[in-house]
Amino acid sequence: MAKQLIKGNEAIVKSAILAGCRAYYGYPITPASEIAEAAALYMPRAGGVFVQAESEVSAVNMLYGAASAGVRAMSASSGPGISLMQEGISYLAGAELPCVIADITRGGPGLGNIAPEQSDYNQVVKGGGHGCYRMLVLAPASCQEMADLTALAFDLADAYRNPVMVMADGFIGQMMEPVEFAAQAHPPGSQPWAVEGNRETRLNLASSIHLEPDRLEEHIRHLEQKYLRAQREAVRCEHYETGDAEIVLVGYGIVARILKAVVDEARAEGIKAGLLRPITLFPFPSAQLRALARQASVFLTVEMSTGQMVEDVRLALEGRKPVEFYGRCGGNAPSAAEVLQVVREVARRSTPVLIPGAIAKTEVCHG
């Protein structure tokens with residue numbers, strides 16, 4: 001299929017339809033509004049349903065109903081709207097209902113501004129709603145990945161019967177790049193556990209309420225095992241020039257693209273830098289980071305926030321190596337020149353301790 005020059009936000013919708021999504025419920029919010037606009041345009045043409053809800057709270061509960069019926073369904077929003085959806089997301093996870101939600105992150109807290117940021121990490125990756133649940137979270141770094149990871153999100157949602165979030169910053173949502181879509185569409189189909197209104201499935205009513213403490217604990221343990229399985233099977237990340245890296249940069253989304261330029265410039269100056277880019281923010285590539293700690297001297301996490309993912313990097317490394325942090329916020333992105341200066345300073349302070357062992361120059365890890 002020929003490539004299309006398309007916005008990242010629109011790529012999400014076209015990919016969702018090809019993945020068999022036939023229901024979209026949402027409320028417009030900058031910088032995610034084009035997702036609702038594209039869904040309103042394309043979803044009816046594919047025989048699907050588009051509803052502009054009166055609020056994000058309504059949208060997420062409509063999503064609950066569609067998922068209960070076994071329909072591949074999705075929504076999208078940005079920071080304040082995702083906050084309003086958190087209770088409904090907890091209900092979806094508790095009822096084990098698969099769906100996909102896109103978060104095109106903007107500056108906060110409060111209304112903040114409409115510029116790109118990565119400050120939704122904690123509420124998305126850590127489970128912003130109540131209770132013991134997790135969402136699987138995918139972080140695209142290009143318009144092509146907006147399409148590819150949206151399709152993957154629907155498959156993961158069904159595989160784990162769980163909400164999956166595609167979290168992109170406003171840059172990725174708003175930029176235009178060539179995108180090649182899947183050649184064949186995924187046919188929409190019903191699920192064996194779905195409510196269909198007949199005698200055979202009438203008891204499949206999806207619910208997250210378990211009044212007895214022992215029964216609720218059993219259910220939570222079941223969810224926990226599912227998330228542990230995802231940590232074994234669903235991890236995805238990209239290695240760039242990490243084979244002999246003494247300084248390993250860690251970043252996702254648009255920041256990771258900036259960091260690739262930093263790595264190239266640092267190596268031109270004789271600094272052995274590399275990049276680990278998490279593609280899944282949950283499950284997090286902890287084992288891959290620990291493997292790099294056998295050779296690297298120091299890790300530098302770079303984010304468009306005051307530091308949220310950096311906590312997971314430190315937890316993953318378990319004190320094996322020092323972790324530095326550099327961040328910009330308020331809708332500002334770190335420049336390659338800024339980060340390169342930080343890398344130079346880190347390199348001057350660090351004493352490299354290398355242990356033989358090579359990782360390919362550019363490698364995407366799955367599981």
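1. Glu318 counts as exposed, at 53% relative accessibility, where exposed means over 50% relative accessible area, buried under 20% and partly exposed in between, with a 1.4 Å probe and protein chains only. Glu318 sits in the loop between helix 11 (309-317) and strand 14 (323-327), and has a positive phi of about 55° although it is not a glycine. Helices here are DSSP runs of H or I with at least four residues, and strands are runs of E with at least two, both numbered from the N terminus.

2. A note on the basis of these remarks: this is a predicted model, in which local features need pLDDT of at least 70 and side-chain atom pairs count only at pLDDT 80 or more, while totals for chains, interfaces and linings use all residues. Residues are numbered from 1 along each chain as its sequence is written, and side-chain values use heavy atoms, with hydrogens and water left out.

3. Arg161 is placed in the loop between helix 6 (143-160) and strand 7 (163-169), and it is partly exposed, with a relative accessible area of 26%. Most residues other than glycine have a negative phi, and most peptide bonds are trans.

4. The bond from Thr30 to Pro31 is cis, with omega near 10°, and Pro31 belongs to the loop between strand 2 and helix 2 (33-42). The bond from Phe282 to Pro283 is likewise cis, with omega near 0°, and Pro283 belongs to the loop between strand 12 (280-282) and helix 10 (286-292).

5. The structure holds three aromatic pairs, a pair being rings of Phe, Tyr or Trp (its six-membered ring) with centres within 6.5 Å, called stacked if the planes are under 30 degrees apart, edge-to-face if over 60 and tilted for the rest. One of them joins Tyr24 and Phe50, whose ring centres are 5.8 Å apart and whose planes are at 15°, so the pair is stacked. Because Tyr24 lies in strand 2 (residues 23-26) and Phe50 in strand 3 (residues 49-52), this pair ties together parts that are 26 residues apart in sequence. Tyr24 is buried, with a relative accessible area of 1%, whereas Phe50 is partly exposed at 23% relative accessibility.

6. Another of the pairs is formed by Tyr121 and Tyr252, with ring centres 6.0 Å apart and planes at 45°, so the pair is tilted. Tyr121 lies in helix 5 (residues 121-125) and Tyr252 in the loop between strand 10 (247-250) and helix 9, so parts that are 131 residues apart in sequence are tied together. Both Tyr121 and Tyr252 are buried.

7. Helix 9 (residues 254-268) and helix 12 (residues 336-349) pack at an angle of about 50°, with their axes 9 Å apart; axes are lines fitted to C-alpha atoms, for helices over the stretch in contact, and angles run from 0 to 180 degrees between N-to-C directions. The two helices, helix 9 and helix 12, are therefore oblique to each other, given that angles under 35 degrees count as roughly parallel, over 145 as roughly antiparallel, 65 to 115 as roughly perpendicular and the rest as oblique. Ile258, Leu259, Val262, Glu265 and Ala266 of helix 9 make the contact with Ala336, Val339, Leu340 and Val343 of helix 12, contact meaning heavy atoms within 4.5 Å. These residues divide into eight nonpolar, no polar and one charged, where Ala, Val, Leu, Ile, Met, Phe, Trp, Tyr, Cys and Pro count as nonpolar, Asp, Glu, Lys and Arg as charged, and the others, Gly among them, as polar.

8. Helix 3 (residues 56-68) and helix 4 (residues 79-94) pack at about 25°, with axes 8 Å apart, and are therefore roughly parallel to each other. Their contact includes Val60, Leu63 and Tyr64 of helix 3 and Leu84, Met85 and Ile89 of helix 4, and by class it has eleven nonpolar, two polar and one charged residues.

9. Leaving aside its neighbours within four places in sequence, Leu5 is in contact with Met176, Glu177 and Pro178.
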